[in-house]
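Biologist: I have not looked at this one before. Can you walk me through it?

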Amino acid sequence: MKKPILVIKFGTASITNKEGDLTDHVIADIARQVAEVHSYYRIVLVSSGAVAAGRSYISNYKQRLSERKAAAAIGNTLLLNKYSDYFRPYGISIAQSLCERNHFSNRKQFLQLKKTYEKLWDNGIIPIANENDVVSNLELKFSDNDELATLIAVGFNASLLLFSTSVPGVLDENNAIIRELDTSDKKLLGLARKEKSDAGLGGMTSKLTYTRLANQMGIKAVIFGINTQDGILKALKDEAGTVCNARFCSVSAKNRWLASGSLIKGKVKVDLGAEKALAKRFSLLAVGVQSVVGDFEVGEVIEIIDHDDTTIAVAITKISSKSLKENLNTQNLEVAHANDLVLV
Ligand SMILES: Nc1ncnc2c1ncn2[C@@H]1O[C@H](COP(=O)(O)OP(=O)(O)O)[C@@H](O)[C@H]1O
Ligand SMILES: N[C@@H](CCC(=O)OP(=O)(O)O)C(=O)O
């Protein structure tokens, strides 16, 4: 039987100090703990920190886009060298995996990514993923590495997704750690305060957003403190951080990919009748569509929104936006087949 997949994400704030330098003792400690469980899992690490690690090489660095990209180009090598140095004493090699959103929205490329990782795992190697900041443009960026880690975990059907953070976990208003969180609660994002560390992109809002998506897609997640002694090992046993359990998810692997990793090309707003039909797992028909936003072609991914503009489903469309706009009142015209539609 194949070993379960474990995805662990480390944010910039977790692995750099205030000056933005990579913190050796933290990376050494990550290697120690990951090495301890290496033989039980197929592991993917998702690590930020390239921009922070490379920024001191760019004169007059002001966080402008090209400066961030140039910093990432330098920093990625520094980052991977550190991981490589600290995993070496345990006889573990690591591999670099720079990802772009297109690799996830194109199902063929996404499946190739999985095959590549399988080959690495077969050889005992741990892939370390990061966004390919050097080339990714604004439109095609991941929102941050919390999203990237979640797309990998959901798309690969991981058994567990761990998010490290610079705090001990999700804290309540009294700064006490919330040990277990039900992410189906719509008020969840209210837990995230405005502040976040200077270093990272995502902060807690992003971790909660993607934890919720992961849970919805059947993947358990734990948000744990990088400064907690044996934080990774404890998080694996629910003994540290905030545990967010998976909800039951009967969605197929293909549709999980659809719901999590795809590139949304447009939106259609539906009426109440269509909403009810979708809830009963029927296909979406043009008669129930009220309006169309964006340009999409047959086979592309669209969001389906309700009267409140809340996303209720994502789907692969059977019709282009142009032709849908021309046929809004047509009876029996299928916009998306039930099998290509995931309720969210
Ligand atoms: N309810 C909350 N509980 C814990 N941290 C919170 C909360 N709301 C906001 N934060 C902030 O979120 C940040 C955690 O993310 P951090 O580890 O810094 O991000 P990243 O992984 O993106 O680098 C902390 O700076 C913390 O102050
Ligand atoms: N890809 C960037 C990090 C982007 C990012 O998501 O940062 P963080 O919010 O700290 O996880 C880097 O390597 O610096």
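Biologist: What sort of model is it, and how is it numbered?

Modeller: This is a predicted model, where local features need pLDDT of at least 70, side-chain atom pairs count only at pLDDT 80 or more, and totals for chains, interfaces and linings use all residues. Residues are numbered from 1 along each chain as its sequence is written, chains are lettered from A and ligands numbered from 1 in the order in which they are written, and side-chain values use heavy atoms, with hydrogens and water left out.

Biologist: Aromatics then. How many aromatic pairs are there?

Modeller: The count is six aromatic pairs. Rings of Phe, Tyr and Trp (its six-membered ring) pair if their centres lie within 6.5 Å; planes under 30 degrees apart count as stacked, over 60 as edge-to-face and the rest as tilted.

Biologist: Why is the pair of F104 and F110 called what it is?

Modeller: It is a tilted pair because the ring centres of F104 and F110 are 5.5 Å apart and the planes stand at 50°. F104 is buried at a relative accessible area of 1%, and F110 is buried too, at 2%. Buried means under 20% relative accessible area, exposed over 50%, and partly exposed in between (1.4 Å probe, protein chains only).

Biologist: And what about W121 and F156?

Modeller: Their ring centres are 6.4 Å apart with the planes at 90°, so W121 and F156 make an edge-to-face pair. This pair links distant parts of the chain, 35 residues apart: W121 is in helix α6 (residues 107–122), while F156 is in the loop between α7 (145–155) and β5 (160–165). Helices (H or I, at least four residues) and strands (E, at least two) are DSSP runs, numbered from the N terminus.

Biologist: Are W121 and F156 buried or exposed?

Modeller: W121 is buried, with 11% relative accessible area, and F156 is buried with 3%.

Biologist: Which residues form the aromatic cluster?

Modeller: F104, F110, Y117, W121, F142 and F156 form one cluster.

Biologist: What lies over the face of F156?

Modeller: K114 does, at 5.8 Å from the ring centre. A charge sits over a ring if NZ of Lys or CZ of Arg is within 6 Å of the ring centre and within 35 degrees of the ring normal.

Biologist: New topic. What is the strand order in the open sheet of five strands?

Modeller: The order is β10-β8-β11-β12-β14, and the pairing is mixed. β10 (289–293) and β14 (341–343) are the edge strands, each pairing on one side only. Two strands pair if DSSP finds at least two bridges between them.

Biologist: In which sense do β12 and β14 pair?

Modeller: β12 (residues 311–316) pairs with β14 in the antiparallel sense, over three bridges. A315 stands opposite L341 in β14.

Biologist: Back to loops. Where is N157?

Modeller: N157 is in the loop between α7 and β5. Its phi is positive, about 55°, although N157 is not a glycine. N157 counts as partly exposed, at 47% relative accessibility.

Biologist: And what is phi of R281?

Modeller: Phi of R281 is near 70°, a positive value in a residue other than glycine. R281 is in the loop between α11 (272–279) and β9 (284–285), and counts as exposed at 57% relative accessibility.
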